[in-house]
Amino acid sequence: MLMSSQKSRNGNLRMNMLTKAALIGLVLTTAACTRPDRFGGAGDGAGAGAFDPNAAANANLGGANDPTSPLFFNQTIGDRVLFAVDTSTLTEQGKQILTGQARWLLANADYLAIIEGHADEVGTREYNIGLGFRRANAVREFLVSQGVPSDRLRVTSYGKERPIEICSDESCYAKNRRAVTVISIASLS
Amino acid sequence: MDRAGKHVQSTGAKVSAIGHAVLIGWLILGWGLDSEPLDFEITPVSVVSGEEYAQMVAATTPQPDTAQPEAPPAPVEDARPPAPVEDAAPVETPPPAPAEPPAEETPPPAAPTPPEAPAEVSDSAPVEPVPPSPVETAAPELTVSPRPQPRPAQRIAPEAVAPPPPDAAIADTVQEAVVPDETVAAEVAEPAIEATAPEETATEIAIADEEPSGAPTRSPRPAARPNRPTPAAEPAPQTPATTTTASSDNAATDTAATDAAVEAALADALAATSSPNVAAGPPMSGSEKEGFRVAVNACWNVDPGSQAARVTMTVGFKLLPDGRVDGDVRQVSATGGDAGATEIAFQAARRAILRCQSGGYKLPADKYDQWKEVEITFDPSGMRLR
Amino acid sequence: MLKRLTILMMALVLSGPALAQSGPLRLVITDGVIEPLPFAVPTFEAENGEAVQVASDISRLVAQDLSGTGLFREVPASAFISQHSSFAQTVVYPDWRAINAQALITGAVFVSGNQMTVKFRLYDVFSGAELGGGLQFAGTVDGWRRMGHKVADAAYSRITGESGYFDSRVVFVAEAGPKDNRQKRLAVMDYDGANLKYLTDSGSIVLAPRFSPSGDRVLYTSFESGFPRINVLDVASVGRQQITTADGEMAFSPRFSNDGRQVIYSLANGGNTDIYRTDLVTGANSRLTEAPSIETAPSFSPDGSQIVFESDRSGSQQLYIMSASGGEPRRISFGEGRYGTPVWSPRGDLVAFTKQNAGRFHIGVMRTDGSEERLLTASFLDEGPTWSPNGRVLMFMRETQGAGGTSSLYSVDISGRNLKPVPIQGGASDPSWGPLQP
């Protein structure tokens with residue numbers, strides 16, 4: 001498509017618009033492709049109060065180009081930071097991402113965030129919950145230091161229970177050692 | 001010698017020199033110090049039936065060889081009983097093909113056996129219940145094939161033992177005939193009696209998850225010696241009554257210093273030493289004690305995870321001259337556990353002694369006085385962590 | 001005088017051998033054998049026609065229980081010389097000695113409707129006498145497995161001097177699905193894998209359940225709300241409720257106290273995880289550790305006076321013991337690697353743990369002062385040991401490597417022997433062994 005738009009540079013403006021529209025349409029149709037029940041619960045948000053961790057997936061107002069959309073947050077700014085083995089210290093790259101997150105959160109004050117901490121499988125179960133929590137908290141503290149009000153942020157940890165990569169070596173482990181900031185609408189409870 | 005040379009003039013020195021020379025020369029040449037090698041029977045390694053063992057035990061002379069003594073390890077597995085006799089002679093006959101499959105048997109055994117021998121050995125698969133062959137010859141150093149790591153056997157014992165031939169009598173008395181090379185060093189040398197096939201054992205508990213492979217590190221040596229005329233066969237040793245009396249008196253006089261006591265002691269001591277002293281004899285040798293110890297520990301079953309494994313138990317008992325236990329075994333002392341654990345440890349110790357006597361422990365009759373009362377301390381602390 | 005002394009000396013020397021024989025022969029034996037004890041269980045007598053099948057089933061179960069410990073070895077019926085088909089008949093000891101059966105278990109079963117009685121006797125063949133008295137159990141036919149386990153427990157304890165563990169249950173997490181979408185639900189089963197029953201659905205993640213000391217309730221960590229919380233579940237009614245803990249963002253890793261009235265657990269707050277205690281009756285909370293590190297996986301000593309737990313305050317996960325009311329912990333693990341999930345043995349003498357070192361996981365035990373550390377297993381991922389009621393056996397979870405890896409439960413004797421899987425359909429993790437049932 002890009003090639004066709006380049007070829008028709010001289011002339012067909014409509015071709016360019018068509019291309020852009022097609023692109024936006026493609027993005028819009030694929031925007032809902034996260035599993036609402038990806039964490040096993042069928043939207044079971046009982047007792048979470050204002051925070052519904054499963055509502056984020058349903059919030060797809062606007063496409064990735066809309067800087068106010070959660071999708072933009074997830075895909076352009078980046079919703080996750082990674083950690084080295086056994087650490088909960090933010091890397092430089094992580095801090096950059098989080099700076100972007102903080103800016104977005106400040107610009108879009110309607111949203112709350114749950115920060116989920118995770119660990120790789122090479123560790124005991126309960127300790128890994130604690131480790132995930134440390135990572136999530138490191139993210140929260142950084143966001144707070146960037147000015148995000150702390151009552152808009154909550155943390156949780158899944159330990160090693162929710163890996164996204166399931167091979168058993170470092171290439172997968174590295175992706176599992178993460179803290180994910182999940183945007184949610186503040187629900188009126 | 002130089003000194004003797006200097007004083008060659010004095011008679012005493014001459015006598016001394018000659019005496020020394022004679023003594024040293026005698027020792028070197030060893031006249032009269034040789035002992036004939038004890039007769040032993042040669043049997044194939046892994047197939048000996050119960051009847052065969054009975055035969056070997058009963059026999060006191062070597063069986064007439066049906067084949068050469070130095071023959072290759074005659075076909076142990078004998079789907080063809082007559083075959084060994086024939087094959088023993090023509091060493092080159094064994095079909096090469098069957099040599100391949102049983103990998104553990106094919107590596108040539110130790111030196112004495114010709115290279116073709118393994119092929120015969122491996123004619124059939126390893127350990128199998130087959131009818132016993134007639135007593136065939138096989139070099140004692142038969143199964144020296146390399147054994148990989150110990151496999152986790154059901155039975156853990158100080159020495160590793162390969163699985164016994166299925167027909168062999170698994171006797172309580174784990175006595176193994178002494179055979180040169182490869183046997184565990186601590187094995188008994190002297191009071192070797194009938195050899196029975198010990199149960200398969202391993203030397204250590206195989207750690208869970210380690211890959212078990214291969215067979216234990218040693219194979220059984222079924223070659224047996226006939227009973228040498230043991231002391232038990234002799235008439236009962238003379239009563240050591242006088243000896244013991246003398247000893248107690250001597251002990252008393254250690255502290256007493258009166259002449260009268262000394263006189264009495266002298267009289268008693270001389271009397272004691274003048275008696276034949278058959279009962280006490282020279283001190284028990286290390287190997288005799290070792291033989292006794294080995295005989296008992298083979299029946300001492302330890303459960304390493306139990307509370308009783310923390311108890312060090314000392315029991316005492318008396319022995320009759322033929323080596324059987326006289327009366328019952330009593331507990332002398334115990335440390336390390338509560339009442340329940342101590343009771344279990346005592347029962348295990350008692351069983352070990354009573355089960356393994358099987359007719360009487362083999363102890364030198366001429367030293368009966370030294371072993372008529374025994375106290376054994378069972379200390380499982382080393383076994384717990386194995 | 002000198003001459004007399006000389007003669008005395010000579011006499012003493014000459015009678016030396018006689019002196020040396022004044023005491024018994026003393027030996028020390030430090031090497032024994034470790035060998036399963038052979039036993040025989042002739043099929044229990046069926047006292048009426050309806051009892052035939054269950055009598056045979058119970059006999060087989062008793063044999064399986066005992067053989068499964070690794071401490072006993074069954075002598076098969078094909079080797080019996082005399083058949084002991086009647087419970088009342090006299091035992092012909094030489095016949096049993098001849099086949100090297102050292103213990104003989106006989107029994108009889110009577111069935112009436114759904115009620116059943118089981119009688120049994122245990123004989124010590126070596127001594128030629130009965131060991132202990134006869135016993136009789138009554139129960140339902142449906143509960144025949146429990147009766148069989150009770151018979152086996154009685155035989156086991158009489159022979160080994162320790163209590164058994166066969167009539168017990170294990171609560172665990174049943175798993176299904178791929179690693180990145182694991183369905184987990186609580187389940188309870190007999191120690192040998194039979195009678196499996198699910199306690200929750202797989203709607204949300206559940207972790208690390210723990211039986212109460214009396215076996216009536218289960219504590220576990222639940223992600224129902226999206227945040228780790230502690231629930232208590234009643235095993236009989238399968239009803240559950242969330243436990244109110246001290247204020248904090250997340251609560252997990254709960255354990256009962258020995259009287260079942262208190263819960264100790266980890267509470268996470270502001271990035272820090274510490275150990276807290278809540279009284280279930282009064283609702284009072286107290287904080288037991290205060291350190292800017294992760295403290296979790298606590299476990300009470302059998303007498304309830306101390307707690308062992310893991311902490312990474314030293315920079316890596318290690319084991320610590322402290323008084324049950326809090327206070328200064330002392331470290332007990334000092335080997336190479338990391339230590340976690342400590343559990344105090346019911347016998348009080350050992351602590352079992354998970355150890356990570358050089359890319360491998362191990363289940364191990366050490367004494368409560370940290371000495372005599374022994375590793376019992378090794379694999380890609382072993383973790384989460386739990387003790388049998390008599391402190392002789394450990395059950396744990398083993399997970400295999402790779403994208404298709406699954407978890408299953410294994411058991412091993414504390415001597416390191418007899419490692420074997422627990423037969424469960426499907427994946428399983430986080431076992432917790434309940435008490436011997438009354």
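Two strands pair if DSSP finds at least two bridges between them. Helices (H or I, at least four residues) and strands (E, at least two) are DSSP runs, numbered from the N terminus. This is a predicted model, in which local features need pLDDT of at least 70 and side-chain atom pairs count only at pLDDT 80 or more, while totals for chains, interfaces and linings use all residues. Residues are numbered from 1 along each chain as its sequence is written, chains are lettered from A and ligands numbered from 1 in the order in which they are written, and side-chain values use heavy atoms, with hydrogens and water left out.

**Exercise 1.** Determine the strand order of the open sheet of four strands in chain C, and identify its edge strands.

Solution. Step 1: the order is β24-β25-β26-β27, and the pairing is antiparallel. Step 2: β24 (338–344) and β27 (374–375) each pair on one side only, and these are the edge strands. Step 3: β26 (residues 360–367) of chain C is joined to β27(C) by two bridges. Step 4: C:Gly364 has C:Leu375 of β27(C) as its bridge partner. In general, strands of a sheet pair through backbone hydrogen bonds, either parallel or antiparallel.

**Exercise 2.** Is C:Ser301 buried or exposed, and which residues does C:Ser301 touch?

Solution. Step 1: C:Ser301 lies in the loop between β20 (295–300) and β21 (306–311) of chain C. Step 2: C:Ser301 counts as buried because its relative accessibility is 2%. Step 3: leaving aside residues up to four places away in sequence, C:Ser301 is in contact (heavy atoms within 4.5 Å) with C:Asn258, C:Gln306 and C:Trp344. Step 4: C:Ser323 is 22 residues from C:Ser301 in sequence, and the C-alpha to C-alpha separation is 9.7 Å.

**Exercise 3.** Summarise the make-up of chain A.

Solution. Step 1: chain A has six helices and four strands. Step 2: from the N terminus on, the elements run α-α-α-β-α-β-α-β-α-β. Step 3: of the 189 residues in chain A, 48% are buried. Step 4: among contacts in chain A between residues at least 6 apart in sequence, 70% join residues at least 24 apart.

How values were computed:
Buried < 20%, exposed > 50% of the residue type's maximum accessible area, 1.4 Å probe, protein only.
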